[in-house]
Amino acid sequence: MELGLDEKDYLACCGSTKFAKAMATTGPFYSYEEAVNAARRIWFNEIDVNGWLEAFAAHPQIGGRPSSDQKSERNAQWSQGEQATAMATATDSSLQELSDWNAWYRQKFGFVFLICASGRSTSAILAELKKRYQNRPIVEFEIAAQEQMKVTELRLAKVLSTGENTGSSQSATTFQEKAGDRVSRIGAHLTATSAKTSVIPRRTRPPVTTHVLDVSRGSPAAGIEVLLEMWKGNRPPSFGEKETGGWVLQGTSTTDKDGRSGQLVGITDAVNPGIYRISFNTGEYCPSGFFPFVSIVFEIRESQKLEHFHVPLLLSPFSFTTYRGS
């Protein structure tokens, strides 16, 4: 039977109205796993910057009062419950330190510090806040989006376990027992130090992705052709040596209006280890620029084959930079 969830249920799980509408339109779903897979695809591939910021704003500051942008009463109640461990382990001094660091974080990044707080102590949250404060804004923005997805998954399980959805109560009851078990399992997974085990498959998008930002304009770079290749030579290429093998094309795409490329490699649980090259046709995008094209070579090791590799390009006419994101 289908899960009886509507737009209000999804809005309680994630404060982005665009996300809630997309989930309601994409449904109905017939299992928790199906709903989460759709949520991940929509959140990471269809929701724009404004949608992410709207969802962030619906969260209260850790240790603070409920956000004025709360989308639903359930959202506020769940936020309070998710912070229960932090509040139970807090002292006056740690709460003051947390408040100070939250203020500094918001001043630097422009949005509330977002973390899946379920099961985390105040000291653990403070340590993570201080660590993430050192990030560059674009890196931290993506980390916050990943934390929001963790919260969304946990809340989807709560909706099913409690039968709180506003749609068909009969459908919710069908999945209530299984979903209740999932709440505890997902909560333990999200607070564990290792992410090697998961209740559901983690790979819902290609293992290698990219996006391009035009930093000279302060906007995404649309219409840039992207190629992904893998080295298939007898020996790996090295700096200064003549290439004795060859690069084999894995996929090609063009960046969309948000600067994101389409699928460059198939969705698989384990990506093939090896040396990859991702190239961008920057000359066509910016004919007066210094770079006719940009190629970035990176290595995926055997121990990393289950990880995700996001290799963005931050471009201007006379400079570029990249980093490994997630």
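**Figure 1. Arg41 and Glu46 form a salt bridge.** At 32% relative accessibility, Arg41 counts as partly exposed. The model shown here is predicted. Glu46 is likewise partly exposed, because its relative accessibility is 36%. Their side chains meet at 2.7 Å, N to O. Side chains of opposite charge can pair when their charged atoms come close.

**Figure 2. A salt bridge joins Arg40 to Glu153.** The N to O distance is 2.8 Å. Arg40 belongs to helix α3 (residues 32-45) and Glu153 to helix α9 (residues 137-162), so the pair ties together parts that are 113 residues apart in sequence. Are these two residues buried or exposed? Arg40 is buried, and Glu153 is buried too. The whole structure holds 11 salt bridges.

**Figure 3. Glu302 and Lys305 meet through their side chains.** This contact is a salt bridge of 2.7 Å, N to O. Lys305 has 28% relative accessibility, so Lys305 counts as partly exposed.

**Figure 4. His59 sits in a loop.** The loop runs between α4 (49-57) and α5 (73-82). His59 counts as buried because its relative accessibility is 9%, and the cut-off for buried is under 20%. Which side chain does His59 touch in a polar contact? The partner is Gln148, at 2.6 Å.

Figure 5. Gly15 has a relative accessibility of 2%, so Gly15 counts as buried. Phe56 is 41 residues away along the chain. Even so, the C-alpha atoms of Gly15 and Phe56 are separated by 7.3 Å.

**Figure 6. Four strands make an open sheet.** The strand order is β3-β2-β9-β10, and the pairing is mixed. Which strands form the edges? They are β3 (219-220) and β10 (319-322), each pairing on one side only. Strands of a sheet pair through backbone hydrogen bonds, either parallel or antiparallel. Strand β9 (residues 313-316) and β10 are antiparallel, with four bridges between them. Ser316 stands opposite Ser319 of β10.

**Figure 7. The whole chain gives the setting for the close-ups.** The protein chain has 11 helices and 10 strands. Of its 326 residues, 47% are buried. Among contacts with a separation of 6 or more, 67% join residues 24 or more positions apart. The chain exposes about 16100 Å², and carbon and sulfur atoms supply 51% of that area.

Notes. Residues numbered from 1 in each chain as written. Predicted model: local features only at pLDDT ≥ 70, side-chain atom pairs only at ≥ 80, totals over all residues. Heavy atoms only, no water. Helix = DSSP H or I, 4+ residues; strand = E, 2+ residues; numbered from the N terminus. Buried < 20%, exposed > 50% of the residue type's maximum accessible area, 1.4 Å probe, protein only. Contact = heavy atoms within 4.5 Å. Areas by Shrake-Rupley, 256 points an atom, 1.4 Å probe, with all protein chains shown as cover. Polar contact = N/O pair within 3.5 Å; in protein donor to acceptor, adjacent residues only side chain to side chain. Pairing = 2+ DSSP bridges. Salt bridge = Lys/Arg side-chain N within 4 Å of Asp/Glu carboxyl O.
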